[in-house]
Amino acid sequence: MNSGDTAWVLTASALVLLMTIPGLAFFYGGLVRRKNVLSILMQCFIIVCVISLQWMLFGYSLAFGPSFHGIIGNLDWIGLSGVGALPNPDYSKTIPHSVFMIFQAMFAIITPALIIGAYAERVKFSAFLLFTILWATLVYDPLAHWVWNPGGWLRGLGALDFAGGIVVHVSSGISALVLALLLGKRIGYNHKPIRPHNLPFTVLGAALLWFGWFGFNAGSALAADGLAGNAFITTHIATAAAGLTWALVEWWHNGTPTILGAATGAVAGLVAITPACGFVNPMNAVFIGMIVAMVCYTAVAIIKGKLGYDDSLDAFGVHGVGGAVGTIATGLFAEKAVNAAGANGLFFGNAHQLFIQFLSLLVAVAFAAFMTFIIYKIVDAVLGMRVEEKNELIGLDLTQQSEAAYTVIE
């Protein structure tokens, strides 16, 4: 074992936790109306609690345990039985198995938290809780197994996903779209402006996401080495390119650049570089950042309005679309000169890799969409997904948590 690698992956695990709380919590919390901010913070916080336990009890074994025909892990590691201080060579020879497990736990936590952006301001807390547990078990764990487990069938085909473009962002993004369509629009949507209540919160959250994302991407090297350095650099460069590009496109399209636009563009850049960061060089990371900013801006600012669906905080427009762009870009820009364990993409003479990336994307979209639809129908039948109209008008902070974020002292 290597103490430097172990220290780095433990640090990266803490950075990924920071992405959910407080990063995503503040990013999403600032975008909703003031009557719903605590509901967002509560949902992000409770996801950390409940998925940590799910992962320890059986989620990790389903995702990373010995493979059953490439489909799902068995339950050999239920309750973390056999997951201890010695390395598991299937994942890393230099860090304890338990350290790999807790690093992956943070990915399992943030993925369902991303979906919150689609159903913000209109879902019962009880329904949210049940949906999250079922989705993590029936969507995230199998997909993580297919792509990241050495015995997973997509891994066997050669799918490249360094840190979660397919497993995290495509799965959560397409699930977000399905939920937005099934739930319907918020009361008053398209009839009166629904504006963010606290943009400084959102900018703070975006900055924390950017900071934590270095653990997300560079930590996925599972070592303190040159590959981690490349993932760190490409992550930063793509994010900077995307934030700037979004601001410039918005300036050209609307007449002024906004901080919300720059922050959203930066997050789109983080999403798109995630599957590619350990396979591409810094110059191509710039191109990925520029491309995803233009594509996601089109999805959020133009297509969403024309189609009329209410993806409250653009979980699909940023994570679903951005994850798809990054997955395909990996098939274009990947090169073995960066990572010998990867593959060359189309621009380096290997068109087959682009085909594999397309196939992996289609599989993830179809699986996540179908399973999300089924899970929604089950939870809706048991508990009812959407809050009553009067509760939605009052706000979820008071009706679901019996709290208010802001009080006036007389």
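Predicted model: local features only at pLDDT ≥ 70, side-chain atom pairs only at ≥ 80, totals over all residues.
Colleague: Is Asp314 buried or exposed, and what is its relative accessible area?

Modeller: The cut-off for a buried residue is under 20% relative accessible area. Asp314 falls within that class and is therefore counted as buried, its relative accessible area being 16%.

Colleague: Which loop holds Leu222, the residue that has a positive phi although it is not a glycine?

Modeller: The phi of Leu222 is about 60°, and the residue is buried, with a relative accessible area of 12%. The loop that holds Leu222 is the one between helix H7 (199-218) and helix H8 (226-254).

Colleague: Which residues does a cis peptide bond join, and in which helix does Pro22 lie?

Modeller: Most peptide bonds are trans. Here, however, the bond between Ile21 and Pro22 is cis, with omega about 10°. Pro22 itself belongs to residues 3-31, that is, to helix H1.

Colleague: How many residues of H9 are buried, and what covers them?

Modeller: Helix H9 runs over residues 259-273 and reaches 21 Å from its first C-alpha to its last, close to the 21 Å expected at 1.5 Å a residue. Among its buried residues are Gly261, Gly265, Gly269 and Ile273. The cover over the buried residues includes H1, helix H6 (165-183), H7, H8, H10 and H11, and the buried count is 12 of 15 residues.

Colleague: What kind of aromatic pair do Trp213 and Phe216 form?

Modeller: Aromatic pairs in this model come to a count of 24. In the pair of Trp213 and Phe216, the distance is 5.4 Å centre to centre and the angle between the planes is 65°; because the two residues are 3 apart in helix H7, about one helical turn separates them. Trp213 is buried with a relative accessible area of 1%, as is Phe216 at 1%, and planes over 60 degrees apart make a pair edge-to-face.

Colleague: How many residues apart are Trp246 and Tyr297?

Modeller: The rings of Trp246 and Tyr297 have centres 5.4 Å apart and planes at 80°, so this pair is edge-to-face. Both Trp246 and Tyr297 are buried. With Trp246 in helix H8 and Tyr297 in helix H10, the pair links distant parts of the chain, 51 residues apart.

Notes: Residues numbered from 1 in each chain as written. Heavy atoms only, no water. Helix = DSSP H or I, 4+ residues; strand = E, 2+ residues; numbered from the N terminus. Buried < 20%, exposed > 50% of the residue type's maximum accessible area, 1.4 Å probe, protein only. Expected span 1.5 Å × (residues − 1). Contact = heavy atoms within 4.5 Å. Phe/Tyr/Trp six-rings, centres within 6.5 Å; stacked < 30°, edge-to-face > 60°.
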